[in-house]
Amino acid sequence: MSYAAWKLLHVAAVILFVGNITTGVFWAAHAHRSRDWRLISSTFEGISRSDRWFTFPGVIGIVVGGMAAAMKGNLPILGTGWILWPIVLLSISGILFGARVGPLQRRIAQVARAGDSSPEAWETYAALYRRWGIWGLLALIAPIVAMGIMVLKPALPGL
């Protein structure tokens, strides 16, 4: 494949990845405001499914398309700062997702499935949701910054 084709795959995967994360945040906030356990459970289960269908394949497309485009364009991957630092940021996002966001999503869905209408259950859920929001925001900001670096190509140090 040509440099342009690999770059297209890379950009399309970024759109898929960032778009899916962003819409997940939107639907989670919508469900949270409803205070409806069934909607919250369904939403967080749906977010986890959409991660499997869109976010994870997006990561594969980002990595494969980006690495192939860099190699086809004779760009040193770790020696080019505007390539290196987005890799670091994408890695940070993945670590945050795996260590915090994903487990919190599953726990939120579990609490919501129980449908316990007690104030204590809502407080447990609300605390999980706040933590999910904080870690999720960090996991979202990292690839957005990476995208900005990739587009703007600032003079950043490589290895």
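Is Ala5 buried, partly exposed or exposed? Hi everyone, let's start with that residue and then walk along the chain. One thing to keep in mind is that this is a predicted model.

So, Ala5. Its place is in helix α1, which covers residues 3-34. Ala5 has a relative accessible area of 27%. Buried would need a value under 20% and exposed a value over 50%, so Ala5 counts as partly exposed. Ala5 and Tyr129 are 124 residues apart along the chain, and their C-alpha atoms are separated by 40 Å.

Next, charges. Side chains of opposite charge can pair when their charged atoms come close. How many salt bridges does a search of the whole structure find? The search finds 1. The partners are Glu45 and Arg113, whose side chains meet with 2.5 Å from N to O. Now look at where they sit: Glu45 belongs to helix α2, residues 37-72, and Arg113 to helix α3, residues 81-114, so this pair ties together parts that are 68 residues apart in sequence. Glu45 is itself partly exposed, with a relative accessible area of 27%.

What is the angle between α2 and α3 where they pack? The angle is about 160°, and the axes are 10 Å apart. Angles over 145 degrees count as roughly antiparallel, so that is the label for α2 and α3. Their crossing is left-handed. If we sort the residues in this contact by class, we get 17 nonpolar, 3 polar and 3 charged.

Let's move on to α3 and its packing with α4. Here too the angle is about 160°, and the axes lie 8 Å apart. These two helices are therefore roughly antiparallel to each other. α3 passes α4 in a left-handed crossing. By class, the contact of α3 with α4 has 25 nonpolar, 4 polar and 3 charged residues.

Finally, α4 on its own. This helix runs over residues 119-152, which is 34 residues. How far does α4 reach from its first C-alpha to its last? The span is 48 Å, close to the 50 Å expected at 1.5 Å a residue. And what comes just after α4? There you find Lys153, which takes a positive phi of about 50°.

Note on methods
Residues are numbered from 1 along each chain as its sequence is written. This is a predicted model: local features need pLDDT of at least 70, side-chain atom pairs count only at pLDDT 80 or more; totals for chains, interfaces and linings use all residues. Side-chain values use heavy atoms; hydrogens and water are left out. Helices (H or I, at least four residues) and strands (E, at least two) are DSSP runs, numbered from the N terminus. Buried means under 20% relative accessible area, exposed over 50%, partly exposed in between (1.4 Å probe, protein chains only). A salt bridge is a side-chain nitrogen of Lys or Arg within 4 Å of a carboxyl oxygen of Asp or Glu. Axes are lines fitted to C-alpha atoms, for helices over the stretch in contact, and angles run from 0 to 180 degrees between N-to-C directions. Angles under 35 degrees count as roughly parallel, over 145 as roughly antiparallel, 65 to 115 as roughly perpendicular and the rest as oblique. A crossing is left-handed if the near helix is turned anticlockwise from the far one by less than a right angle, and right-handed if clockwise. Ala, Val, Leu, Ile, Met, Phe, Trp, Tyr, Cys and Pro count as nonpolar, Asp, Glu, Lys and Arg as charged, and the others, Gly among them, as polar. The expected span of a helix is 1.5 Å times one less than its number of residues.
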